[in-house]
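Colleague: I have a structure open and a few things to ask. Can you walk me through it?

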Amino acid sequence: NGRTGTLLQIVNGFNWLVTTTFPGRTDPGVDLINASLGATGFHRFLLSATTTAAGLGIPLFAAIGNAGRGGAGHHGSPGNYPERNGVMGVGATDINDQVAIFSDWGDAPPPNGPAYPVPVLCAPGDQVYSAIPGAGSPFKYDSGTSMATPVVSGVAAQRMEADPTLQGNPKKLFFDLKRNLASWTAGPRGNKGGLGRIKA
């Protein structure tokens with residue numbers, strides 16, 4: 001249906017983005033990666049690869065998952081990887097600018113050290129008009145943290161274009177997004193959206 005794949009396909013796609021020299025560029029790799037995908041639970045399948053990519057200056061923005069109705073801790077990888085591995089987990093807000101009921105949240109299990117809360121921040125992800133895979137109409141309204149993650153990735157790309165010192169420096173880019181562009185007014189779901197909704 002165009003919406004499923006294997007962990008091996010994800011790893012291979014990630015490695016292709018990191019190692020390929022694309023037209024118009026002299027160095028391999030991209031400036032950032034959007035991962036509107038995930039596997040339920042904590043899986044290390046991409047953890048070392050994201051750490052390596054971050055060392056090359058390539059951050060990953062990843063959807064946290066859509067099982068928030070079930071309570072805390074239903075998030076998935078790679079969205080529940082820690083920031084130190086070059087990953088920013090993204091949740092979704094609804095049309096009322098509150099954390100969407102489906103958006104995952106809660107402490108992520110520690111790969112090393114103590115647990116940490118996810119997502120890092122949120123973006124609009126409820127009833128977004130977007131292109132879709134498959135036959136029929138190429139556009140429809142859809143909801144999910146996979147709709148919110150490209151918003152954050154796009155804002156990150158704009159920030160890098162405006163400030164070249166953010167390019168190739170995931171730690172500085174994440175800090176810039178959190179400090180300057182995430183703001184929050186607690187609603188019915190409290191702080192389950194991390195630092196808040198990103199402001200473009």
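Colleague: What covers the buried residues of α4?
Modeller: This is a predicted model. In it, the cover over the buried residues of α4 includes the helices α2 (47-55) and α3 (145-162). It also includes the strands β3 (60-63), β5 (87-93), β11 (182-183) and β12 (197-198).

Colleague: Which residues of α4 are buried?
Modeller: They are Pro 170, Leu 173, Phe 174, Asp 176, Leu 177 and Leu 181. Looking down the axis of α4, these buried residues fall within an arc of 160°, so they line one face of the helix.

Colleague: And which residues are exposed on the other side of α4?
Modeller: Lys 171 and Arg 179 are exposed there.

Colleague: What does Leu 173 touch, leaving aside neighbours within four places in sequence?
Modeller: Leu 173 is in contact with Pro 59, Phe 61, Ala 156, Arg 159, Met 160 and Leu 166.

Colleague: New topic. How many residues are in the largest nonpolar core?
Modeller: That core has 22 residues. Those with the most contacts inside it are Phe 61, Met 88, Val 152, Leu 173, Leu 177 and Ile 198.

Colleague: Which elements give two or more residues to this core?
Modeller: Those are β5, β8 (121-124), α3 and α4. The largest share, five residues, comes from α3. Another core, of 18 residues, lies apart from this one, and Leu 47, Ile 58, Tyr 81 and Val 87 are among its members.

Colleague: Back to α3, then. Is Ser 153 buried or exposed?
Modeller: Ser 153, in helix α3, counts as buried because its relative accessible area is 5%, and the cut-off for buried is under 20%. Not counting residues up to four places away in sequence, Ser 153 touches Leu 32, Asn 34 and Phe 61.

Terms used
Residues are numbered from 1 along each chain as its sequence is written. This is a predicted model: local features need pLDDT of at least 70, side-chain atom pairs count only at pLDDT 80 or more; totals for chains, interfaces and linings use all residues. Side-chain values use heavy atoms; hydrogens and water are left out. Buried means under 20% relative accessible area, exposed over 50%, partly exposed in between (1.4 Å probe, protein chains only). Helices (H or I, at least four residues) and strands (E, at least two) are DSSP runs, numbered from the N terminus. The arc is that of the directions from the helix axis to the C-beta atoms. Contact means heavy atoms within 4.5 Å. A nonpolar core is a set of buried Ala, Val, Leu, Ile, Met, Phe, Trp, Tyr and Cys residues joined through side-chain atoms within 4.5 Å.
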